[in-house]
Amino acid sequence: MAMLKEGMGTNGLPEELRWLHDDLALSVRAQRSLRRLGIEASAHFPRITTTITKRFASLCTEATHRAADCPYTAEWFRRLFSGTYEQAFWEEQLLIGERLATASVPDQVLPQVFMTLRTLLLAQKEDAILPGRGLSSWSNLLRVLDACQYVQHFGLERERRHTVLRQLRGLLQLVDFESFFSTSAQLACGIAKADGAGLILREEGMLRYRFFHGLSARYQDLGQWEFPETEGVSGAALARGEPVYVPDYPGSPWAMQEFVTAGLRASLAIPLPGMADEPMPGVLVISWFQQPAPQRIPEANWDHLRLLADLLGANLYRERLEHRMEGLATQDLLTGLPNRRIVQERLRAAMSRSDRHQRLAALFFLDLDGFKPINDQLGHHCGDDVLCTIASQLCAIVRAEGCVIRYAGDEFLVILEDIANVEEVECIASRLLQAAQCSVADEQTRLQVSASMGAVIYPFSDGSAEELIRQADLAMYAAKDAGGNTWKLFGRDLVETQPQEESLYQELILAQERKEFELLWQPIINLSDHTISGVEALLHWRHPERGLLGPGEILAPLERSRMILEVGHWVLKTALAQAASWQIQGNLLDIHINLSAVQLEDADFVSVLQQALAEHPSVDCRHIWLEVAERVALRDIPATASVIRAARRLGVHFTLQDYNSGIAALQYLTGLACDGIKLDRDMMRGMAEPSPACQHVRAVMDVASDLSLQVVAEGVEDEEMANTLRDLGVHKAQGHWFSPPVSAAELQMVLVERKVTC
């Protein structure tokens, strides 16, 4: 009954049915006459009911319809002859119509049943079986019968509209575009009483089918066919920018012989709207093969069909936008090369093709030698130019089936397939080393860039894609240890280093399993009063034989082993758990947590951070500072900035660690949306006034103050350095002069005083 109240007027019925109260308000005399007629007819109700029920069942061809109870019972006939037709009577007729719609009773059933009913009643009148009380009684009865048919039809159509609207709302829950189209097409066919539907898209001046629904195999054979966007009913709809319906397709001026042969009898093409000023991308086509096509589409159906086309257009735009975003997510914005997010997928595909075609595949891991001095001395814009130049030179010598990937800042991967023998790998390696060479010069300086390169040949080196990348990385480090500008092949040139690296790799795995990693905490001090304002979480390894190993000894092996992502997530979650514990105790410290390059470049990093914060809802995110090394952040500024902005929406801060670039690079900080910098310990050397290092820090502090950046100096080793930094305007610092990294329990004892004694 709740549905009946939608759109009802003050008298309890929909506005469209208010006339019933006036037009069918019979006089008392007329009511008595109809009731007497009903009494005389009551003996015939069972026979009439049986006839109507059989007629109803014969018109409902589907088994589900036959199972639906015929609403025209003997009781319904008694109410029909009651003579009084109040609101409850018409609400009952509305409900009958709604039930017919819910049972998907065919359109022709309702008018056919009422035509049969009129015929039966009039036939009995003429046979004097129901002589009645004059012509007025029969006239009133037929008026009521017509009104019942009208109200039931109204209820049926309204319920169908509600059903369509519910289905349209359900469409909005579908994310997969193919599922969205399938459901939309099924709904469109139901609205239009058609056999099938298709989605036709325009591509480079041609029209091609993307999806079919409910169409014959003969018609679906046209799925690979294309035709000019100016032809056919679809072309006409796109040219006009509005729907085109042809009830007689073979006889229409837009008929195409291929579709006539396939049996197309009628066709409706509705253009999909263009989004964001883009042209119309295609059409929704609705087709009739077996079903009788109407001469015109009922006006009531147009709104729903147009809305379906609009929703399809919007979802098609969303799908294309997602593909573009996915392309951006897997593309390095500086060089235009694919980035590390697609490495394993591409490598697995190359390995699979190698197995299938019995040919070799090779993976080359390049790390540039001499790249950092270019950034430091000539600026990051020169470094960017070098990366783009080398990327272009690498692509120039790689075959079409190959792939060049920017793996990290100055690291590239090259995947090559269809290699005949090892000698071909050696030839390609020499050419790649040549392509990775570049020189940069200004008026005073000339700098040279080369590469150290590791190579892996599949299937000579076996294992997973991740394992092959690790092996190529190990070979690259061997080339770097050999002096650079050379290459090493994993398995042949790493006889001595391989067992050592493999042993370390296995030790790291065991360390993680045995929970030998732990966090120590180094206080960050206010230089004005030596109180503790924050702490930095530092990863350590309590090695069973070598003792406690610090970050400098374990981070590089972790990165080479590719375990850094999993360990980095553990660091993040453990640090947040400790932050929650301290904050509950009333110690509201700034918690600094280091991020590796692999974490920052991980597509799931923001969701991992969000989940970690959700596990500790008591943590005040304003006191969480995520530290990114300068060399990591500045090597792909647009990508890094995108991740930082997404993470900052969760409430955390970012700071640039190991900052040593001077005031020229501070311009990048606004683009990166960082809130602070950490001065590199190398900048702390020679801090006595008026040294160049001191002037350097003073200039950085002036710009940082203008940008409202929090500055922390790390590596403070003595009182003179601390006093000089304080005089230069640096407010916070950390270093062994204040405190080495300590355990959370040791730090808790210091936090009682909130002050360190140097």
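Predicted model: local features only at pLDDT ≥ 70, side-chain atom pairs only at ≥ 80, totals over all residues.
Numbering starts from 1 along each chain as its sequence is written, and side-chain values use heavy atoms, with hydrogens and water left out.

**Backbone geometry**

- Going from Tyr458 to Pro459, the peptide bond is cis, with omega near 15°.
- Pro459 sits in the loop between β11 (446–458) and α18 (465–481); helices (H or I, at least four residues) and strands (E, at least two) are DSSP runs, numbered from the N terminus.
- Asn485 isn't a glycine, yet its phi is positive, at about 50°.
- You'll find Asn485 in the loop between α18 and β12 (487–489).
- Asn485 is partly exposed, at 39% relative accessible area (buried is under 20%, exposed over 50%, partly exposed in between; 1.4 Å probe, protein chains only).
- His530, not a glycine either, has a positive phi of about 65°, and His530 belongs to the loop between β13 (517–526) and β14 (532–543).

**Surface charge**

- Glu717, Asp718, Glu719 and Glu720 make up a patch of negative charge on the surface.
- Patch members have over 30% relative accessible area and no salt bridge, with like charges joined within 9 Å; a salt bridge puts a side-chain nitrogen of Lys or Arg within 4 Å of a carboxyl oxygen of Asp or Glu.
- Glu720 is part of helix α28 (residues 719–727) and is exposed, with a relative accessible area of 52%.

Notes: Patch = residues over 30% accessible without salt bridge, like charges linked within 9 Å, V, L, I, M, F, W, Y side chains within 5 Å. Areas by Shrake-Rupley, 256 points an atom, 1.4 Å probe, with all protein chains shown as cover. Lys, Arg positive; Asp, Glu negative; His and termini not counted. Charge placed at Lys NZ, Arg CZ, Asp CG, Glu CD.
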